[in-house]
Amino acid sequence: MTALSGPPKLIGMNLIEAWANSIANLIWGATTRAPVQSGSLATPPKLVAHRGVHENGMALENSLRAFELAAENQIWGIEFDVQFTADNEPVIHHDPDLKRLPPFLDKKIADVTWSQLQQLAPQILHLRDVVDRFAKKLMLLIEIKTDQSKHLTGCPFLTADQEKKLFEILKPL
C-alpha cells in the first residue's frame with residue numbers, strides 16, 4: 001500500500017478545487033451529523049435530487065421539469081451547478097460548455113451572453129428563475145462554477161459583478 005502524494009486527480013477538477021472540495025466535505029460531515037440514538041437515526045436522512053429528477057429519461061437534468069418532479073415527489077432538496085455567461089448572468093448547467101445538451105454545440109457558456117444562450121439552448125434556466133420558483137418548496141444546494149481558463153492562476157474565484165448578482169438573487173433566502 002502506498003501513501004497518497006497529494007490530492008486526487010479528478011476529471012474536470014484541478015488540484016486546488018479537489019483539496020477545497022475535500023476540506024469542505026470534511027467540515028460539513030464533522031459539523032452536521034445527527035447523533036444516533038439506540039440503533040436509529042435521531043434525524044431521518046434527507047433525499048436530494050442531484051440535478052433534479054432526471055433518471056430514466058423522465059426529464060433533462062437541470063431542467064424545469066426535473067426540478068418540478070423533485071417538488072411533486074416531496075424530495076427534500078435539489079442540487080445544481082451555476083455557470084456564468086459572458087455578461088455574468090448565473091445560469092443552471094453542470095458543464096462549462098453545451099456539448100452534452102441538444103443541439104450539442106461546441107460553445108462555452110462563459111463565451112456567450114445570456115441573450116445568446118437563450119437562443120442556443122433555451123432549456124437552460126437562469127438562477128433567478130429557479131430561486132423564485134423553488135426556494136420555498138425545496139432546499140437548494142448550489143455549486144458555483146467558474147471559468148478557470150480566464151484566470152491566470154488557475155484558481156477559481158468570482159468577479160465582483162458575479163458576486164453582486166449572486167447576492168441580489170440569494171439575499172432574500
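How many aromatic pairs does the count come to? I looked this up before anything else, keeping in mind that the model is predicted. The count comes to 2 aromatic pairs.

**Entry: the aromatic rings**

I took the pair of phenylalanine 67 and phenylalanine 80 to begin with. Their ring centres are 5.7 Å apart and the planes stand at 50°, so I put the pair down as tilted. I then checked where the two residues sit. Phenylalanine 67 belongs to helix H2, residues 64-72, and phenylalanine 80 to strand S4, residues 77-84. The pair thus joins distant parts of the chain, 13 residues apart.

Next I turned to phenylalanine 67 and phenylalanine 134. This aromatic pair is edge-to-face, with 5.9 Å from centre to centre and 75° between the planes. Phenylalanine 134 is in helix H4, residues 127-134, while phenylalanine 67 is in helix H2, so this pair ties together parts 67 residues apart in sequence.

Phenylalanine 67 has a relative accessible area of 0% and is buried. Phenylalanine 80 is also at 0% and counts as buried. Phenylalanine 134 comes to 1%, and I noted it as buried. Phe67, Phe80 and Phe134 form one aromatic cluster.

**Entry: the salt bridges**

How many salt bridges does a search of the whole structure find? It finds 9. I wrote down some of them.

Glutamate 61 and arginine 51 meet through their side chains, at 3.3 Å from N to O. For accessibility, I have glutamate 61 as partly exposed at 23% and arginine 51 as buried at 13%. I also noted a network of salt bridges that links Arg51, Glu61, Asp95 and Arg100.

Glutamate 72 forms a salt bridge with arginine 65, and the closest N and O atoms are 2.9 Å apart. Glutamate 72 counts as exposed, with 52% relative accessibility. Arginine 65 is partly exposed, at 37%.

Lysine 165 forms a salt bridge with glutamate 89, with 2.4 Å between the closest N and O atoms. Which parts of the chain does this pair tie together? Lysine 165 lies in helix H5, residues 160-170, and glutamate 89 in the loop between S4 and strand S5 (90-92), so the pair ties together parts 76 residues apart in sequence. I checked how covered the two residues are. Lysine 165 is buried, with a relative accessible area of 16%. Glutamate 89 is at 18%, and because the limit for buried is under 20%, glutamate 89 counts as buried.

**Entry: a nonpolar patch**

Which residues form a nonpolar patch on the surface? I found Val48, Trp76, Met139 and Leu141, which together have about 320 Å² of accessible area. I followed up on one of them, leucine 141. Leucine 141 lies in strand S7, residues 139-144.

Definitions and conventions
Residues numbered from 1 in each chain as written. Predicted model: local features only at pLDDT ≥ 70, side-chain atom pairs only at ≥ 80, totals over all residues. Heavy atoms only, no water. Phe/Tyr/Trp six-rings, centres within 6.5 Å; stacked < 30°, edge-to-face > 60°. Helix = DSSP H or I, 4+ residues; strand = E, 2+ residues; numbered from the N terminus. Buried < 20%, exposed > 50% of the residue type's maximum accessible area, 1.4 Å probe, protein only. Salt bridge = Lys/Arg side-chain N within 4 Å of Asp/Glu carboxyl O. Patch = residues over 30% accessible without salt bridge, like charges linked within 9 Å, V, L, I, M, F, W, Y side chains within 5 Å. Areas by Shrake-Rupley, 256 points an atom, 1.4 Å probe, with all protein chains shown as cover.
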